[in-house]
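Please look over the sequence and the model below before reading on.

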Amino acid sequence: MHRCVIAVVLALAAALPVQAQRLFQANALRGELVVIQPPDVLLNGKPAQLAMGARIRNPQNMVQLSGSLLGQRLKVNYTLDPTGAIRDVWILTDAELAKSPWPATPAQAQSWVFDSTMHTWSKP
């Protein structure tokens, strides 16, 4: 009897959608991304490229192919690889967008303070 109850509880728990808070890296910047023709994109209105093996995560944190996002204006957090290509992209939820301020440029990230426990930025 107890095994049946446990099995039902586990099945119900697995069926519930869970939206865990995503924790972004301190080097992640905020911007607007438009996929033109992969790997070509516009980042904050300027031409850029996705790095080889770039990962784009949708608001549910699942990997999404760049080709499925053609022409959409997306509010994102992103990181760059050493060559300046876009490495990681997170399409933001409304709750994540509300977390501000968040740096949009490397200069802002260098002059602002990142709280690694709260994953928030503050301006000096």
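**A strand and its surroundings**

Arg57 stands opposite Trp90, a residue of strand 5. The model is a predicted one, in which local features need pLDDT of at least 70 and side-chain atom pairs count only at pLDDT 80 or more, while totals for chains, interfaces and linings use all residues. Residues are numbered from 1 along each chain as its sequence is written, and side-chain values use heavy atoms, with hydrogens and water left out.

Helices (H or I, at least four residues) and strands (E, at least two) are taken as DSSP runs, numbered from the N terminus, and two strands count as paired if DSSP finds at least two bridges between them. On that basis, strand 3 (residues 46–57) pairs with strand 5 in the parallel sense over four bridges, whereas strand 4 (residues 73–80) pairs with strand 5 in the antiparallel sense over five bridges. Val76 has Ile91 of strand 5 as its bridge partner. Strands 4 and 5 form a hairpin with five residues between them, and Gly84 in the turn has a positive phi of about 95°.

How many of the six residues of strand 5 are buried? Buried means under 20% relative accessible area, exposed over 50%, and partly exposed in between (1.4 Å probe, protein chains only). Five of the six residues of strand 5 (residues 86–91) are buried, so this strand is largely enclosed by the rest of the structure.

A nonpolar core is a set of buried Ala, Val, Leu, Ile, Met, Phe, Trp, Tyr and Cys residues joined through side-chain atoms within 4.5 Å. The largest such core has 15 residues, and those with the most contacts inside it are Leu33, Val41, Val76, Tyr78, Ile86 and Val89. Two or more residues each come from strand 1 (29–37), strand 2 (40–43), strand 3, strand 4 and strand 5. Apart from this core lies another, of seven residues, among them Ala28, Leu92, Trp102 and Trp112.

Asn77 lies in strand 4 and counts as buried at 0% relative accessibility. A polar contact (a pair of N or O atoms within 3.5 Å; within protein, one must be able to donate a hydrogen and the other to accept it, and residues adjacent in sequence count only if both atoms are side-chain atoms) of 3.1 Å joins the side chains of Asn77 and Arg30. Glu96, in helix 2 (residues 94–98), is buried with a relative accessible area of 10%, and a polar atom of the Glu96 side chain lies 3.0 Å from the backbone nitrogen of Thr93.
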